[in-house]
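Welcome! Please take a moment to look over the protein shown below, and then we will walk through it together.

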Amino acid sequence: MVGYDPKPDGRNNTKLQVAVAGSVSGLVTRALISPFDVIKIRFQLQHERLSRRDPNAKYHGIFQASRQILQEEGLTAFWKGHIPAQILSIGYGAVQFLSFEMLTELVHRGSVYDAQEFSVHFVCGGLAACTATLTVHPVDVLRTRFAAQGEPKVYNTLRHAVGTMYRSEGPRVFYKGLAPTLIAIFPYAGLQFSCYSSLKHLYKWAMPAEGKKNENLQNLLCGSGAGVISKTLTYPLDLFKKRLQVGGFEHARAAFGQVRRYKGLMDCAKQVLQKEGALGFFKGLSPSLLKAALSTGFMFFWYEFFCNVFHCMNRTASQR
């Protein structure tokens with residue numbers, strides 16, 4: 001179970017164990033889904049249509065993009081920006097799950113609401129994600145810059161990227177795209193946590209007794225379903241965030257096609273609608289959904305797995 005569990009037989013993990021489980025969950029998940037993230041970012045930043053009919057489009061499908069990236073940049077390109085991405089995932093996972101645990105416990109102890117209700121998980125999940133985002137957003141900007149750059153590279157190392165960005169664009173560059181990120185992350189994470197909890201209840205109701213015994217499979221499937229639902233409903237804001245994060249970085253994007261500048265969130269949305277149509281809001285949705293299903297499924301799977309490990313360790317220690 002994710003979040004505070006008031007039942008006597010529930011897991012009794014310490015706050016440190018919750019943070020560690022969230023960190024390890026983020027680390028393992030990031031390593032597995034990085035290739036999908038790189039392809040998704042490339043799709044989101046391409047202004048041309050994702051179609052073979054557009055002669056100026058560099059990418060037009062998942063398999064075509066994978067082959068082209070592999071041929072032009074090598075296998076390691078699928079893990080571009082992996083170091084800042086791992087820092088992001090470890091920090092984000094720890095802060096998000098720890099905040100969610102503390103917020104649901106606060107609701108249970110300080111209100112009449114059930115800590116396991118859909119609405120409680122939605123609000124607490126959204127607030128926990130916003131807290132985590134404020135903590136690690138500069139690393140997210142770095143990750144996007146690394147994943148977006150082509151060859152020759154503009155940034156060679158993480159230290160080089162931080163120094164160059166700070167000197168050329170000032171300290172505010174590390175919080176580019178923060179507004180759409182916070183606007184998007186609240187409902188996205190809120191839906192992740194609340195849908196995960198609801199899907200687990202649905203799974204237990206629908207599955208026969210034999211199927212209920214495989215808790216790991218249940219966590220993976222329900223997490224994947226929650227990821228697909230939440231990503232589909234909030235995807236346009238994720239696209240705006242990526243477009244704004246690479247503002248001032250246009251020279252490194254020239255090899256990928258058209259380059260545009262945006263004045264802010266509303267201007268970005270307006271330009272996408274005018275020049276790319278309504279479907280432009282969902283560029284990169286297919287790899288993003290695949291990534292969301294895998295990443296959210298793995299996130300909850302590994303988090304629950306490590307929380308159970310810590311719970312067994314605590315129980316063993318208490319019996320000695």
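## Helices and how to count them

Let us begin with a definition: helices are DSSP runs of H or I with at least four residues, strands are DSSP runs of E with at least two, and both are numbered from the N terminus. This is a predicted model, in which local features need pLDDT of at least 70 and side-chain atom pairs count only at pLDDT 80 or more, while totals for chains, interfaces and linings use all residues. Residues are numbered from 1 along each chain as its sequence is written, and side-chain values use heavy atoms, with hydrogens and water left out.

With that in hand, the protein chain has 10 helices and zero strands. Read from the N terminus, the order of elements is α-α-α-α-α-α-α-α-α-α. The radius of gyration of the protein chain is 20 Å, close to the 20 Å from the globule rule for 320 residues, so the chain is as compact as a globular protein of that length. Here the radius is taken over C-alpha atoms, and the rule is 2.2 Å times the number of residues to the power 0.38. Along its principal axes, the C-alpha trace spans about 65 × 40 × 40 Å.

How much of the protein chain is buried? Buried residues make up 54% of the 320 residues, where buried means under 20% relative accessible area, exposed means over 50%, and partly exposed lies in between (1.4 Å probe, protein chains only).

Contact means heavy atoms within 4.5 Å. Among contacts between residues at least 6 apart in sequence, 78% join residues at least 24 apart.

## A record to compare

Across residues 13–106, the chain is 72% helix and 0% strand, with its end C-alpha atoms 16 Å apart.

Start with Ala161, which is in helix H5 (residues 158–169). Ala161 counts as buried because its relative accessibility is 0%. Not counting residues up to four places away in sequence, Ala161 touches Leu142, Phe146 and Tyr155. Ala161 and Arg67 are 94 residues apart in sequence, and their C-alpha atoms are 27 Å apart in space. Met102 sits in helix H3 (residues 82–110). Is Met102 buried, partly exposed or exposed? Its relative accessible area is 44%, so Met102 is partly exposed. Met102 and Lys15 are 87 residues apart along the chain, yet their C-alpha atoms are separated by 8.4 Å.

Next, look for Arg243 in helix H8 (residues 215–245). Arg243 is buried because its relative accessible area is 3%. Beyond its neighbours within four places in sequence, Arg243 has contacts that include Gln44, His47, Tyr262 and Glu276. Finally, Ser288 lies in helix H10 (residues 285–319). With a relative accessible area of 1%, Ser288 is buried. Which residues does Ser288 contact, leaving aside its neighbours within four places in sequence? They are Lys40, Lys231 and Tyr235.
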